Amino acid sequence: MADTLTITDNRTGRTYEVDITDDTISAMDLRQIKVADDDFGMLSYDPGFKNTASTRSDITYIDGAAGILEYRGYPIEQLAEQSSFLEVAWLLMHGELPSQDEYDQWTYDITHHTFVHENMKDFIDGFHHDAHPMGMLVSTVGALSTFYPDAKDATDPETRHLQMTRLIAKFPTLAAFAYRHSIGWRPSYPDNELSFAGNFLNMMWKTTELRYEPDPVLAKAMDRLFILHADHEQNCSTTTMRTIGSSDADPYSAAAGAVAALYGPKHGGANEAVLRMLEEIGSVDEVPDYVQRAKDGEFRLMGFGHRVYKNFDPRAAVIKDLAHEVFEVTGKNPLIDIAVELEKIALEDDYFVDRKLYPNVDFYSGIIYQAMGFPTSMFPVLFAIGRIPGWLAQWQENLLDPEQAIARPRQVYVGERNRDFVPMSARS
Ligand code: CMC
């Protein structure tokens, strides 16, 4: 049987046959469907892109029904257990795990690109003392493009690789500088002797000690949290990264847009919202009442539900285990009891079961971050540090894909037409 779809337009009685490839039809094939020859042709209507594939990608595979997440074919559980964030970053960008030599060089390169221009400190100093670190990250990442005008030519593989190295290396530095500005501390400079995650903790927390020594359990946990966030195919911020990149804007500007998209509470801001929610609930006894109010439509349970996962979010399962490892070092975060009770009650409730609403990656990550000492405003920033390799891999794939063009959706215009302008004096 041919892989085609037959469409009959009942307005005209005409029949069209369109090809099916990988279970999809090309939206452009709908254009031939017209009532009159001078019609524009049929469009598909899909607000929020709920059923539209914008790309062919070989980076990240998700099976939302089965709760599967793979980067380049490797299950997230194995990567979180056995790999490191920098190795995963390489994997996402290059498609294969690095050899030992490649890995050593890559680690060296990242380590030696962590410094930012001193002017960046002045730039950050210009922010109000209580500026949100995510707002500062949006601006400072965008500002990086002014330091690297060579980034404009993304067609050259070497230049592209250099910008990607810089972005992955400098994200933690900008994040930590933003945090320290918000609490009135001088920046702590990168330490090249430390691991990627260990150095980030150093830039966050170093005070008077000559050399900051990160707790190995916390540094490892941080690294694994970054891995869990490293990519998630065509989500809101990645789509933003690809969309901005599709106009051939430099990757710093595109990444600033991606950070901005991640800022929203329905995306990367959800972990911050989860913590506020757990604090508002206050005690395990209040959970049933709170769940009822969510069911009544008063608000949504933050950290619950996902556009793609309709069974469970595999990242949430890894993070839940990670929480207990972190608590061994930091002491237990009392909010975990409220979270566990909330998950239990919601997972037994028909409202959540029928709508396939399960805890997502953000549900437990905030509790870990808080136990490690991060303020809630830093949660989406941590998400962004983890996600930058994914954004870059997707940006690069978009750039090199001959099927891609500048992103420019269509609309169905439903407004007024052909009105004569009415002077102010004649308006009622
Ligand atoms: N609490 C209560 N009800 C919910 C929730 C929730 N968290 N999420 C969805 N629903 C209900 C919603 O009201 C709707 O009910 P009905 O059919 O009666 O109108 C139904 O479930 C379907 O909701 P939807 O908005 O059509 O689903 P969506 O796929 O468009 O939204 C979502 C996905 C993640 C935006 C949404 O579930 C949500 O707002 N969750 C809370 C915010 C959150 O945790 N976001 C983090 C996402 S994971 C991190 C990331 O990848 O960014």
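This is a predicted model: local features need pLDDT of at least 70, side-chain atom pairs count only at pLDDT 80 or more; totals for chains, interfaces and linings use all residues.

Colleague: What volume does the largest cavity have?
Modeller: We can start with what surrounds it: 14 residues line the largest cavity, and T111, T114, S195, F196 and N199 are the closest to its centre. As for the space inside, the volume of the largest cavity is about 90 Å³.

Colleague: Which element gives the largest share of the lining of the largest cavity?
Modeller: Helix 3 (100–111), helix 6 (157–182) and helix 7 (196–205) are the elements that give two or more residues to that lining. The largest share is 3 residues, and it comes from helix 7.

Colleague: How many residues of that cavity lining are charged?
Modeller: Going by class, the lining of the largest cavity has 8 nonpolar and 5 polar residues. That leaves the charged class, with 1.

Colleague: Are helix 6 and helix 7 roughly parallel or roughly antiparallel?
Modeller: Their axes are 8 Å apart, and the two helices pack at an angle of about 20°. Angles under 35 degrees count as roughly parallel. So helix 6 and helix 7 are roughly parallel.

Colleague: Which residues of helix 7 make that contact?
Modeller: The crossing of helix 6 and helix 7 is right-handed. On the helix 6 side, the contact uses I168, P172, T173, A175, A176, Y179 and R180. By class, the contact has 10 nonpolar, 2 polar and 1 charged residues. From helix 7 come F196, F200, N202, M203, M204 and W205.

Colleague: And helix 2 with helix 6: roughly parallel or roughly antiparallel?
Modeller: Here the axes are 12 Å apart and the angle is about 150°. Angles over 145 degrees count as roughly antiparallel. That makes helix 2, relative to helix 6, roughly antiparallel.

Colleague: Which residues of helix 6 does helix 2 meet?
Modeller: Helix 2 brings L86, A89, W90, M93 and H94 to this contact. The contact has 6 nonpolar, 2 polar and no charged residues. The partners in helix 6 are H161, M164 and I168.

Colleague: Helix 2 also packs with helix 17. Are those two roughly parallel or roughly antiparallel?
Modeller: The axes of helix 2 (residues 85–94) and helix 17 (residues 379–400) come within 8 Å and cross at roughly 15°. With a cut-off of under 35 degrees, that makes helix 2 and helix 17 roughly parallel.

Colleague: Now the second largest pocket: which helix gives the most to its lining?
Modeller: About 300 Å³ of space lies in that pocket. It has 18 lining residues, and K121, R186, P187, S188 and Y189 are the closest to its centre. Helix 4 (119–125) and helix 6 each supply at least two residues of the lining. With 4 residues, the one giving the most is helix 4.

Colleague: How many residues in that pocket lining are charged?
Modeller: The lining of the second largest pocket has 7 nonpolar and 4 polar residues. Its charged residues number 7.

Note on methods: Residues are numbered from 1 along each chain as its sequence is written. Side-chain values use heavy atoms; hydrogens and water are left out. Axes are lines fitted to C-alpha atoms, for helices over the stretch in contact, and angles run from 0 to 180 degrees between N-to-C directions. Angles under 35 degrees count as roughly parallel, over 145 as roughly antiparallel, 65 to 115 as roughly perpendicular and the rest as oblique. On a 1 Å grid over the protein atoms alone, a cavity is a set of points where a 1.4 Å probe fits but cannot get out, and a pocket is an open set with protein on both sides within 12 Å along at least five of seven lines; lining residues have an atom within 4 Å of a point. Grid points are joined across faces, edges and corners, and a volume is the space filled by probe spheres set on the points. Ala, Val, Leu, Ile, Met, Phe, Trp, Tyr, Cys and Pro count as nonpolar, Asp, Glu, Lys and Arg as charged, and the others, Gly among them, as polar. A crossing is left-handed if the near helix is turned anticlockwise from the far one by less than a right angle, and right-handed if clockwise. Contact means heavy atoms within 4.5 Å.
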